[in-house]
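Subject: Structure handover

Hello,

Here is the structure you asked for, with the sequence. My notes on it follow below.

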Amino acid sequence: MDQPVNQSDIQRPAQEPSAQPQVQAFTPVAKPPAQSPHRFPFVWILVLCILFGAAFGAGIFLRTKKEESVQQAAPTPTLLPTETPVHRQIDPIATSSAYLKLEGYVASLSASLSAYQVENQSVAPPVLDLPLGFTQE
Amino acid sequence: MRRIAAVLILFTVLLTRHVRVFASSESAYRDYLYQYDVYRQKYNDFKISKNEYDKFKTLTSKTHAIDKTRQMLESRDTLLKSYLMFLNEKINENKGMSATDKALYQGYIKSEVDFLNAQVLLVPSIGSINDALDVSKQLESHYDILITSINQTIVGLTLGDLADMASQYDYATSLATVLVDTNRMKLPQGKITISDRWLLSIKNKRTLFQQKINSVSLKNSGLKSTDVNDRERIVSEMMNTLSEAKTDLMEGTSYIGELLTELKYRN
């Protein structure tokens, strides 16, 4: 037959050991910053912003490229026809000795005039410092 | 064989004559450049010795300064003479200058060379600072007259060059006129009208050119040495007018080219 459980035994804490355990005094440690469980890290926000900006810029670039390629499409044919070069017949005068002589003379004269310099630096007089700078004695 | 030798000798003589004419202005120009280098060196030496004398005022530095001044003054006169000789050779070679104008400008040069020869004779007698100042002041007081003569000669040389080109232009104009007149009966009326218009424009350009040349010739003959700034302004105006005259000749020559293009094609 079991003996009745004594209430005082239950309520009484376990017997303390005879030797108290040695508890080392602990140095105060700085509390870690309190982290809100719902706060997103700042670095990740920055990375996301950069990625979003790059994606936005790429989209704009691709769109403009597409517009350029649309603009560089082949031109539509115009209604006005382009002029074909007219073949000009040379007059027999141009083969005469008088004409050829004059043509050569004009080319030579034109070259001489182009090469001639009105202000020719080689005939400019020498630059002199005239006063001696002495004082009269 | 004798005939060939005679032809060769004649050819050699003509060639050396031609080469000698242009060689003389080239050699005069090289001599002028050499004298310019010598003058710059002498002037530097003079400046150094003068600065030493101004600083120390010793008898040695004074003697040294007088000696360097003498050398510089002599070099200066030699430089100016070599430059005037170069101008003289350019006058001799100028194809467009008349004999009268050549005599006139060579007369200016001769009178300036005579002045410089007299200056050179005074230099060895310089014995003091005051002597050096007196000799230098003679050139300083004459310098405006010298530069005026030089400017007139340079303008005269340019007038001669342009006159030579104008005579070539006149020859081209006469060839063009003969070409049009010879073929007048063969050309259609439209071409004749256009050709005559070109010929008129060519002659008008020649007239404009001549007006400018006459204006410059008149100003050049009356160029005075009294006011330096005024003289430089007038010389600058003359050279601008001569540039415009050259442009007239160039435009007229291009008109002859246009006339040739007009005559070249049937349609």
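This is a predicted model: local features need pLDDT of at least 70, side-chain atom pairs count only at pLDDT 80 or more; totals for chains, interfaces and linings use all residues.

The accessible surface of chain B is about 14,300 Å², and carbon and sulfur atoms hold 58% of it.

Burial in the two chains is as follows. In chain B, 42% of the 267 residues count as buried. In chain A, buried residues make up 12% of 137.

Both chains are helical in their assigned elements. Chain B has six helices and zero strands, so its order from the N terminus reads α-α-α-α-α-α. Chain A has three helices and zero strands, and its elements run α-α-α.

On overall dimensions, chain B has a radius of gyration of 27 Å, whereas a compact globule of 267 residues would come out near 18 Å. Along the principal axes, the C-alpha atoms of chain B fill a box of roughly 95 × 60 × 30 Å. Of the contacts in chain B with a separation of 6 or more, 78% are between residues 24 or more positions apart.

As for charge, chain B carries 36 positive and 32 negative side chains. The centres of these two sets are 6 Å apart.

Next, the aromatic side chains. Over all chains there are twelve aromatic pairs. One of them joins Tyr29(B) and Phe86(B), with 5.0 Å from centre to centre and 40° between the planes, which is a tilted arrangement. Tyr29(B) belongs to helix 1 (residues 2-56) of chain B and Phe86(B) to helix 2 (residues 59-93), so this pair ties together parts that are 57 residues apart in sequence.

Tyr105(B) counts as buried because its relative accessibility is 7%, under the 20% cut-off. Tyr108(B), at 24%, counts as partly exposed.

There is also an aromatic cluster with members from both chains: Phe134(A) together with Tyr39(B), Tyr43(B), Phe46(B) and Tyr53(B).

The last item is Val180(B), which lies in helix 4 (residues 129-182) of chain B. Its relative accessibility is 1%, so Val180(B) counts as buried. Which residues does Val180(B) touch, leaving aside neighbours within four places in sequence? The contacts are with Ser195(B), Asp196(B), Leu199(B), Leu259(B) and Leu263(B). Gly96(B) is 84 residues from Val180(B) along the chain, and their C-alpha atoms are separated by 28 Å.

Regards

Methods. Residues are numbered from 1 along each chain as its sequence is written. Chains are lettered from A and ligands numbered from 1 in the order in which they are written. Side-chain values use heavy atoms; hydrogens and water are left out. Helices (H or I, at least four residues) and strands (E, at least two) are DSSP runs, numbered from the N terminus. The radius of gyration is taken over C-alpha atoms; the globule rule is 2.2 Å times the number of residues to the power 0.38. Buried means under 20% relative accessible area, exposed over 50%, partly exposed in between (1.4 Å probe, protein chains only). Contact means heavy atoms within 4.5 Å. Accessible areas come from the Shrake-Rupley method with a 1.4 Å probe; for residues, only the protein chains shown count as cover. Lys and Arg count as positive and Asp and Glu as negative; His and the chain ends are not counted. The place of a charge is taken as NZ of Lys, CZ of Arg, CG of Asp or CD of Glu. Rings of Phe, Tyr and Trp (its six-membered ring) pair if their centres lie within 6.5 Å; planes under 30 degrees apart count as stacked, over 60 as edge-to-face and the rest as tilted.
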